Amino acid sequence: MTKNYRKYGTEELMELIDVFNVSESGAAKIRAVLADEPTPPDAGVFFRYYNDRSKVQEFERLFAAHVGVKHVLAVNSGTSALIAALVAAGVGPGDEVIVPAYTFFASASAVVVAKAIPVIADINESLMIDPDSIEKLITPRTKAIIPVHMLGFPCEMDRICEIAARHHLAVIEDTAQACGGTYKGKYLGTWGDFGCVSLDAYKVIGAGEGGILTCKDDFQYMRAQSYHDTAACWRPDRYGKERMEGELFCGENYRMSELSAAVALAQLRKLDWVNARTRYAYHKLQSLISLPKGVKWVTPNDPEGMCGYNLAMLFDTQDMAVAAQTAGVVGGNAANATKGVRDWHMAWNWEHITERKSATAEGCPFKCPFAKDVPQYNKDSWPVSRAIMMRVGIIAVSPNMSDEDIAKVAERINEGLAKCLK
Ligand SMILES: Cc1ncc(COP(=O)(O)O)c(C=O)c1O
């Protein structure tokens, strides 16, 4: 007689045990318990809609309450959150969007995918986008600014929002690396019109893969929903006519899966702990390191609000940074750059943009008839940002560091810097 299987049952749950790297004996115990469990009458549908136990919807509700924002849309990556935000803001052909020269390439790539032109601003010694550089780049075609809270450090959101308001620009915060961080007491991602968090494996909290889009405006939220789910399953009447202009258009499938949301929910409960512990370790470690002459700390725009998983320092010269990195004392990119190793966190390496590459021969959006005066960048277009980034040294900080660990790291850095810079 053939066995009857449920669509989703204990077999799938058992498979998940491996993902968590449980010990062999632990896994065997869990398997034994699960094997004895009767198959649930309905294991549910792994779909965020039509499901009164939806983990995705629960996550959206809890994240909205956590950061205090009206709308939250869980998506499948930080990149898709950025693209959905740009589309929701009405960014498209002929528009320009300002992004910093120091960010993961996805911030600029999202602009191109949204059919607009990325215009690349310099950073300052906070390592974040320089508001003065933003001002200089605004043209009648500018539609939005994407400040990126790199390394968990906040951008100067008050100044950036003031500039945006004066020029009627949307602000889309790339909060991929700074979930739970604040600037002047307000959550990053909630200063601008949109916030875009990444939940990929290397971020403050993760879900395997995933992203969070936060948004204040009802209409823009509806457009983000439309773009993130071309099947429009979220609509009150899924197959109904457009309720207002701008609601229905062809989109993608950026839906978050129930499995990712289950992990994200557990991670959200740890978020405050992660950031509080990391900040503690950051400040403690910083207090135990005495920087030698010619080296200074990067001061985050809000040292109490930053996430704190990286301590950054600035050497007076690139040679000093190369020496400290080659000796393995600090991380950073100066040493690799001297060997020609590229890194897609810096605009001068983005040949997709500098060479205006496109997925098809027509060259859109760079050659789109709507695009005017497209910036002609090359690898030497950002000497200010490059000179800063080539002097940066990074020390990783983790929430799990004990006081003893911190003291050991401080000792290693103090000795290492004294030795390699003498
Ligand atoms: C600053 C920044 N923006 C966007 C992204 C894209 O996020 P995801 O990997 O979830 O698509 C990343 C990921 O590394 C990032 O660091």
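Predicted model: local features only at pLDDT ≥ 70, side-chain atom pairs only at ≥ 80, totals over all residues.

Colleague: On to the ligand. Which residues come nearest?

Modeller: Ser77, Gly78, Thr79, Ala176 and Ser198. They belong to a set of 14 residues around the ligand.

Colleague: How does that shell divide into nonpolar, polar and charged?

Modeller: There are 8 polar residues, 4 nonpolar and 2 charged.

Colleague: Which helices each supply at least two residues of the shell?

Modeller: α4 (78–88) and α5 (106–113).

Colleague: At what angle do the axes of α4 and α5 cross?

Modeller: Roughly 45 degrees, and the axes come within 9 Å. With that angle, α4 is oblique to α5. The crossing is right-handed.

Colleague: Which residues make the contact?

Modeller: From α4, Gly78, Thr79, Leu82, Ile83 and Leu86. From α5, Ala106, Ser107, Ala110, Val111 and Val113. By class, the contact of α4 with α5 has 7 nonpolar residues, 3 polar and no charged ones. Gly78 and Thr79 are also among the residues that come nearest the ligand.

Colleague: Next pair. How do α3 and α9 pack?

Modeller: α3 (residues 55–67) and α9 pack at about 30 degrees, with axes 8 Å apart.

Colleague: Are they roughly parallel or roughly antiparallel to each other?

Modeller: Roughly parallel, because angles under 35 degrees count that way. α3 passes α9 in a left-handed crossing.

Colleague: And what meets what in α3 and α9?

Modeller: On the α3 side, Lys55, Val56, Glu58, Phe59, Leu62, Phe63 and His66. On the α9 side, Glu258, Ala261, Ala262, Ala264, Leu265 and Leu268. The contact of α3 with α9 divides into 9 nonpolar, 1 polar and 3 charged residues.

Colleague: What about α9 and α14, at what angle do they cross?

Modeller: Roughly 40 degrees, with the axes of α9 (residues 258–288) and α14 (residues 403–420) coming within 9 Å. That angle makes α9 oblique to α14. α9 passes α14 in a right-handed crossing.

Colleague: Which residues of α9 and α14 make the contact?

Modeller: α9 brings Ala281, Lys284, Leu285 and Leu288. α14 brings Asp403, Ile406, Ala407, Val409 and Ala410. In the contact of α9 with α14, 7 residues are nonpolar, none are polar and 2 are charged.

Colleague: Where does proline 365 lie?

Modeller: In the loop between α12 (351–354) and α13 (383–389).

Colleague: Which residue has a positive phi although it is not a glycine?

Modeller: Leucine 151, with a phi of about 60 degrees. Leucine 151 sits in the loop between β4 (142–145) and α7 (157–167).

Colleague: Great. Those two spots go on my checklist.

Notes. Residues numbered from 1 in each chain as written. Near = placed C-beta within 6 Å. Helix = DSSP H or I, 4+ residues; strand = E, 2+ residues; numbered from the N terminus. Nonpolar A, V, L, I, M, F, W, Y, C, P; charged D, E, K, R; others polar. Axes fitted to C-alpha atoms, helices over the stretch in contact; angles between N-to-C directions. Parallel < 35°, antiparallel > 145°, perpendicular 65-115°, else oblique. Left-handed = near helix turned anticlockwise from the far one by under 90°. Contact = placed C-beta atoms within 7 Å.
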